[in-house]
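I opened my notebook to look through this structure one feature at a time. Here is what I looked up, in the order I wrote it down.

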Amino acid sequence: SGINAEDYEDPADVAAIKDTIENMGDFKLKTDKNYVVPDNLRINANKKLIQLFDLQEIIYNMKHVFNSKVMTLRDKKLLILDQFEAFQKELEEIQSQLPPSDRISPPEYKCITPEEIPEQKYKYDRSVLDGFEREKEMRRLTALKGEDPNAGAFGGFGQPNEHAKPPSSRGESKSPATSKPSTAVGSHRITRGHRGMRSEMKVRHMINLQVKPKTCLKNMMDEEVLITNRYKQKLIIDKMKVLIERFDGYVLSLCRHRADLDVELKLADLRNVTLFEEYILLKEFEKRDFILGNKVNDKMNEKMEIQHRVAETQAKLEKEQNELNKLHDKEKQLLSQFMTMVHDNTWADFLTRVFKKKIKRKKAKADTGDESDEESDESDSDESDYSSEDDDEEGEAKEKIPDNVCPPGCEEELYDKTVELREQRLDLEDAIADEKKARDLLVKEVESLMKKIKVMDSGLRSAENELEAFQTEKQHKLNQLDVVVPLKFNQIQFLSKGAVPDDLASALVFEQLALERLKYRIKELHHEKIIQKKKQKDSKKLHAQLVKDKQFLDEKIDEFKETCNSTMMLKFGRLIDLEKLQSMQVNRVVEEMKEKLRKNEARCASELENKDKEIEEVKLNAIGASRENTQRIQLYTSMLEDKQKLETELDDKQTQLGGEYAGKKKSEIKEKQRLIQLIQLQGQEIDSLKDEITLLSRKGGHILPPTQPPIDPYLHLQQGGL
């Protein structure tokens, strides 16, 4: 039974081959006719819908991030405009002290527009409401006069006519969304122009009124103020230019990001279209996919249920076999007890015949009619412990002495004990027969379940094949969909005569990363090939050696068989089954030796238990001694600390006359004491570790951990100082 069949395959080799095929590292084209969709790549309508939702979320996040950057740049522009307003005021003050020839115009910049702050479109104040009210009244009056009602004069809404006032002359004409930034900047520019004209007129008037000539000192001071104002003017204008250039750089970077984002969004839209088409196609296959998937799951669940029943039945069978083995052991013990009892007795043969006598016994629950009596009379040849020769001897002995009464000369107590043992033997035989019947039933149940498992395996394989064929069909349908893949010219490596051909139908779109991975896999395969060749060479050598060993062992087995057969022919005159013979006979010497062995095992067990108790006592004594030693070490340590403190105090009193050198000596003494204490503590720890090693080197036992020596609270500070 231990010899494998010729077509036997090692499960480990089969699993390794399967794993190698699945994880070979090659690239499998989905357009291949033999392409098998892996379990982790199988797709359905629900999974594709999830992919659509994920793509929509990605698109939204990309737009949200870009809008956040735009809003941040808008807020930055508002801050820059506030800075420009401050710079403008400061520049007007400085230019009022400069002659017109030295004045430099500030750089041009754009104010905020309503499109840049759309969130303030619906914000308003009282002035805006008043403006609407005036516009409404003006339209009503215009309508009464018969004029065009659309020619309103309100700057925020409608198109103003030619006779309307300019919006700059009315404060309410400003939009509420731009009232703060644009009005501030516009009024600021107007104020700057009027102030410049007014200051110029004052300067001319002062020049005309001057009568007294300026002194040299006054000229130098005016020149110094003029140079300072020129410098301040230039500094402010440079700051404004720097802010404008920096902001323009941010805008340019955002424009580039917008261009890249447009490309990504366009690709995402194309991907969205492809996913939607795939979803529509998968929706058509959803019903079949659901039916085949449920079929495979049902088959797998049924197989797992049957396997669970097989495991339970095998556990019951093992339990029944153990019970049967226990009954056989009890039967052997009973026979050994009887043999020991009748050993060296003159009535041994008679008592043996009484002990082995077959009698009819009534069962508590009898079967149909005479079948129960026939079953009670049956005796299996494998269960009996005596041979046919003993039956012949029994028949001859029956004619001489009746075995239902104790013969004269035989001890009554011994006869009664033999009858009692016979009853026990018969009880054991009945129990063994019942256990065998239960075991046979369980064996039949296991065999029927194994047959069901084989049937379920074939059904599961067929269901999986149907599902795999359906997945292949679905993949072929998906392959027929058009997918847009934008490429650059430098990404096209499909050349014909040094140029890109007009027809790219036979070309393959391949990722650069996958191509690099395949190139690396080629190198790995070369290395693996070398390793496998080496393993194959070693396996061939091992196979040749195993063949030689097998031939040698076969020759030895044949020699032993010939020797055994010749010995049986000489002893028995024919070939017999030794295993059956061994199960039918009881060797008295072997049983006596087993009994002695059991007694010796019991005696050794008791001695071992006593030794274990002694070991436990020794362990407890060792633990007590260790604890006592630890306490003494702690006491010794505390005494050493007290001694060191006293010595320190004595040294301090002796060194008080040192004056300015006292501080230095104290620190040296403390450092020396700390090092001495550290050495002592390390020595104590070494001693305790030695004791622990000594205890652990003995046989078995747990000991308490050694007590940790006290740690100086300032030790880490002093070590840090070192």
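Before anything else, a cut-off I need: buried means under 20% relative accessible area, exposed means over 50%, and partly exposed is in between. R603 has a relative accessible area of 43%, so I put R603 down as partly exposed. I also noted that this is a predicted model.

**Entry: salt bridges**

I looked up the total, and the structure holds 25 salt bridges. I started with R603, which forms one with E607, and their closest N and O atoms are 3.4 Å apart. Both residues lie in helix α12 (residues 588–654), four residues apart, about one turn of the helix. E607 is partly exposed too, at 40%.

Next I checked E614, which forms a salt bridge with K611; here the closest N and O atoms are 4.0 Å apart. E614 and K611 are three residues apart in helix α12, so about one helical turn separates them. E614 comes out at 42% relative accessibility, which counts as partly exposed. K611 has 47%, so K611 is partly exposed as well. I also jotted down a network: R74, D75 and E119 are joined by salt bridges that share partners.

Then I went to helix α5, where K283 and E286 lie three residues apart, about one turn of the helix. K283 forms a salt bridge with E286, with 3.1 Å between the closest N and O atoms. K283 is partly exposed at 42%, and E286 is partly exposed at 28%.

**Entry: the core**

Which residues touch the most other members of the largest nonpolar core? They are F84, F87, Y109 and M240, out of 38 residues in this core. The elements that give two or more residues to the core are α2 (45–95), α5 (216–341) and α9. Helix α5 gives the most, with 17 residues.

P106 sits in the loop between α2 and α3 (126–145). With a relative accessible area of 15%, P106 is buried.

**Entry: a covered helix**

Is helix α6 (residues 348–355) mostly covered or mostly open? It is mostly covered, as six of its eight residues are buried. Among them are F350, L351 and F355.

**Entry: surface patches**

E411, E412, E413, D416 and E420 form a negative surface patch. E420 is in helix α9 (residues 412–479), and is partly exposed at 40%. I also found a nonpolar surface patch of about 350 Å², made by V483, V485, L487 and V509. V483 is in the loop between α9 and α10 (512–572).

Conventions: Residues numbered from 1 in each chain as written. Predicted model: local features only at pLDDT ≥ 70, side-chain atom pairs only at ≥ 80, totals over all residues. Heavy atoms only, no water. Patch = residues over 30% accessible without salt bridge, like charges linked within 9 Å, V, L, I, M, F, W, Y side chains within 5 Å. Areas by Shrake-Rupley, 256 points an atom, 1.4 Å probe, with all protein chains shown as cover. Salt bridge = Lys/Arg side-chain N within 4 Å of Asp/Glu carboxyl O. Lys, Arg positive; Asp, Glu negative; His and termini not counted. Charge placed at Lys NZ, Arg CZ, Asp CG, Glu CD. Buried < 20%, exposed > 50% of the residue type's maximum accessible area, 1.4 Å probe, protein only. Core = buried A, V, L, I, M, F, W, Y, C linked by side-chain atoms within 4.5 Å.
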